[in-house]
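Please open the model in a viewer and keep the selection panel at hand.

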Amino acid sequence: MKSIRVFLTLTLLSVTALLNFAAALRGYQQGMVEAEVLFNQRMQQHLDLLNFSLPSQLKTQELPTGGESIPTRVLASGNQLEFQWIRPNGELIARSERMPASPVAPLESGYRFINFAGYRWHALVERSQDGQSWYVLAERDDQRWRMAESIILPAVYPMLLAVPVLGAIMWWLLGVGLKPVAKLAADLEQREASDLRPLVADNIPSELRQLTASANALLRRLEASFARERRFSADAAHELRTPLAALRIQCDNLAFNESKASSQVQGGIAKLQDGLERLGHLVDQILILNRVAPDQYMGRFEPIALTAAVRQLIAEQSDALESRELDIELVGDEAHVQGDTFAIESMVRNLLGNAIKYTPEGGSIRIRTTDTPQGVVLDVIDNGVGIAQELRDRVFDRFYRVDGDRNDTGASGCGLGLSIVKQVVDLHGAHIELRDSEFGTGLCVRVVFATSESKGGHGNE
Amino acid sequence: MRILLAEDDPLIADGVAEALRQSGLVVNHVAGGRAACASLLADPPDILILDLGLPDMDGFEVLKYSKAHAPATQVLVLTARDSTESKVRGLDAGADDYLTKPFARAELLARVRVLERRLGNAASATIDVGPLRIDTRNQEASLSGEPLTLARREYMLLKALVESAGTIQTRESLETRLYGWGEEVASNSIEVHIHHLRKKLPNGFIKTLRGIGYMVPRQ
């Protein structure tokens with residue numbers, strides 16, 4: 001069942017139409033039976049009239065025998081009644097114009113059907129009051145039906161014509177009646193994925209109260225579990241970073257204090273610092289990955305000045321850019337997107353970090369933000385080692401690193417960067433593509449934020 | 001320069017205190033929020049290094065207390081939580097700077113030095129980058145000992161660039177440094193000031209990063 005409204009309208013209308021039709025049919029049949037009685041009565045009345053006037057005329061010999069000239073119009077009104085006046089021996093005393101010269105029916109009292117002149121007739125045969133003659137009154141069956149129908153059908157038609165009108169009224173009434181359901185649906189539909197406030201429960205019809213209550217209970221449970229999840233993430237971040245911070249500062253102090261120690265000791269300390277750095281990075285990346293997971297996302301989308309954010313994030317990387325003597329530029333339009341600031345920043349930071357990591361010293365990085373009618377396009381282009389065509393699908397896998405743990409660029413990482421990027425892209429209903437770099441070598445990562453599409457952020461991993 | 005360190009993790013506190021003492025600073029360590037408040041009230045330090053995750057009191061409460069009872073104290077907030085939200089909240093609540101754990105010793109000392117300079121400490125009132133010296137107390141600049149004549153905004157711009165030598169300064173961040181909130185900023189005003197500054201400085205002293213901003217490289 002696609003729609004309650006359509007279903008109810010169609011079924012109610014069908015039932016109504018069927019009942020209406022049955023009623024109309026019954027009315028028609030009943031009406032025809034009534035009409036039959038009525039017409040028969042009319043025949044009887046006419047016959048009584050004849051019976052009252054004709055025998056006396058016969059006595060006074062006012063009628064010429066053969067009676068061809070007896071006016072028949074007296075008896076005709078709309079449809080014609082034909083008659084024969086017959087002696088018991090079968091000789092006609094008189095007849096109406098269209099009657100044949102011989103008796104059309106056997107001389108027995110009563111109603112019957114007869115056939116002559118190519119039609120079917122209702123006939124009434126009766127003996128006159130003095131018993132000296134017979135009357136035969138006949139009426140054409142088709143004319144009788146037509147007459148009856150012209151009376152009955154106007155009463156039946158409105159019933160049938162009412163069906164479409166009734167349908168329209170039902171459609172409208174059901175729309176009004178189902179408005180609370182539509183409102184509830186719109187209420188849920190318009191919600192951001194992160195909006196877990198209970199549904200408004202007052203002023204709703206009793207049928208929906210149970211549904212609303214159940215939905216609210218579900219929302220409460222969801223919110224509680226999300227809150228637990230958030231607290232866990234925050235606690236995990238705290239619990240992981242505190243010992244790391246202690247190790248880091250102690251190690252840095254050690255390096256400072258041992259600045260005159262043997263190169264072996266200094267080398268060991270440097271490796272320790274490097275390891276701690278990587279561990280810190282890994283913890284950060286795992287926490288970010290957890291936070292930007294589309295099914296975990298609890299934030300709220302807001303307008304973000306993408307180009308300005310990119311500019312700021314480039315500035316954050318000043319040290320790395322300087323030490324590797326990379327040439328970086330930001331070109332294109334001042335673009336804006338709808339999104340989550342933390343997620344977008346994490347994505348750009350990772351893309352930028354990759355470009356810096358995989359571009360050789362003295363290389364070039366170009367970042368372009370373009371505002372097109374189809375949406376905002378972010379390109380991060382480098383002239384580094386690039387990624388082979390056949391590996392481009394795999395790099396979004398978690399912990400996947402091209403060429404294993406260390407590739408020929410000597411860059412190290414934890415292999416979560418592009419997974420984070422992919423999740424942020426999914427979260428924003430955006431699209432990511434790895435292309436050939438316009439520098440000739442290297443990689444271009446293109447992220448397209450489609451305009452006004454999938455703002456809710458229900459991307460799939 | 002006296003520093004109050006409020007940090008409950010003994011290993012971090014020990015390391016931070018050692019690093020600061022080695023740079024000639026006097027460090028007083030407390031492990032809880034209440035002790036920090038008491039210390040702030042009794043003897044306001046120059047700089048408070050505050051861990052937001054103290055066991056007995058919400059870090060933001062300590063921050064508010066510090067701003068209320070020791071307004072001259074500069075506050076550097078440490079936190080293990082990375083959400084931008086709590087960062088913004090911390091800065092809104094009056095934190096002067098912000099450091100996420102884990103941090104490098106050099107980063108910590110650099111941040112403390114910036115706060116020191118803000119306090120107008122005599123020892124750090126001048127900034128030297130190559131041949132350029134900026135005297136932040138008298139708002140003067142000199143090149144190889146020769147005084148430079150700078151308009152007010154040119155001086156502010158140069159100071160902003162030199163203070164963070166080696167770090168790219170975006171157009172937006174320079175604009176906020178140079179102009180008050182709601183002040184009309186011509187779209188090319190930074191470019192114009194840079195153009196004037198360049199005429200008075202050695203070639204290549206200020207580097208342009210297309211579409212991003214400017215930088216004075218470390219020398």
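A residue is taken as buried if 20 or more other C-beta atoms lie within 10 Å of its own, with C-beta atoms placed from the backbone. The model is a predicted one.

**First stop: helix 9 of chain A.** Select residues 417–427 of chain A, which form helix 9. How many of its residues are buried? The count is 11 of 11, and the helix is thus described as mostly covered. The buried set comprises Gly417(A), Leu418(A), Ser419(A), Ile420(A), Val421(A), Lys422(A), Gln423(A), Val424(A), Val425(A), Asp426(A) and Leu427(A). After helix 9 of chain A comes Gly429(A), which has a positive phi, near 60 degrees.

Keep Val424(A) selected. Leaving aside neighbours within four places in sequence, Val424(A) is in contact with Val292(A), Ala343(A), Ile344(A), Ser346(A) and Met347(A). Val424(A) also belongs to the largest nonpolar core, of 104 residues, where it is listed among those with the most contacts inside the core, together with Ala6(B), Val16(B), Ile49(B) and Leu50(B). A second, separate core has 22 residues, including Leu92(A), Ala94(A), Trp121(A) and Val136(A). In soluble globular proteins, nonpolar side chains tend to be buried together.

The crossing of helix 6 of chain A past helix 8 of chain A is right-handed. Helix 6 of chain A contributes Ala309(A), Val310(A), Leu313(A) and Ile314(A) to the contact, and helix 8 of chain A contributes Ile344(A), Glu345(A), Val348(A), Arg349(A) and Leu352(A). By class, the residues of this contact are 7 nonpolar, no polar and 2 charged.

**Last stop: chain A against chain B.** Colour by chain. Here 30 residues of chain A are in contact with 32 residues of chain B. On the side of chain A that touches chain B, the elements giving two or more residues are helix 4 (206–257), helix 5 (263–291), helix 6, helix 7 (318–323), strand 7 (327–332) and helix 8 of chain A. Which element gives the largest share of that side? Helix 4 of chain A does, with 14 residues. The side of chain A that touches chain B has 15 nonpolar, 8 polar and 7 charged residues.

Terms used
Residues are numbered from 1 along each chain as its sequence is written. Chains are lettered from A and ligands numbered from 1 in the order in which they are written. This is a predicted model: local features need pLDDT of at least 70, side-chain atom pairs count only at pLDDT 80 or more; totals for chains, interfaces and linings use all residues. A crossing is left-handed if the near helix is turned anticlockwise from the far one by less than a right angle, and right-handed if clockwise. Helices (H or I, at least four residues) and strands (E, at least two) are DSSP runs, numbered from the N terminus. Two residues are in contact if their C-beta atoms, placed from the backbone, lie within 7 Å. Ala, Val, Leu, Ile, Met, Phe, Trp, Tyr, Cys and Pro count as nonpolar, Asp, Glu, Lys and Arg as charged, and the others, Gly among them, as polar. A nonpolar core is a set of buried Ala, Val, Leu, Ile, Met, Phe, Trp, Tyr and Cys residues joined through C-beta atoms within 7 Å. A residue is buried if 20 or more other C-beta atoms lie within 10 Å of its own, exposed if 12 or fewer, and partly exposed in between; C-beta atoms are placed from the backbone.
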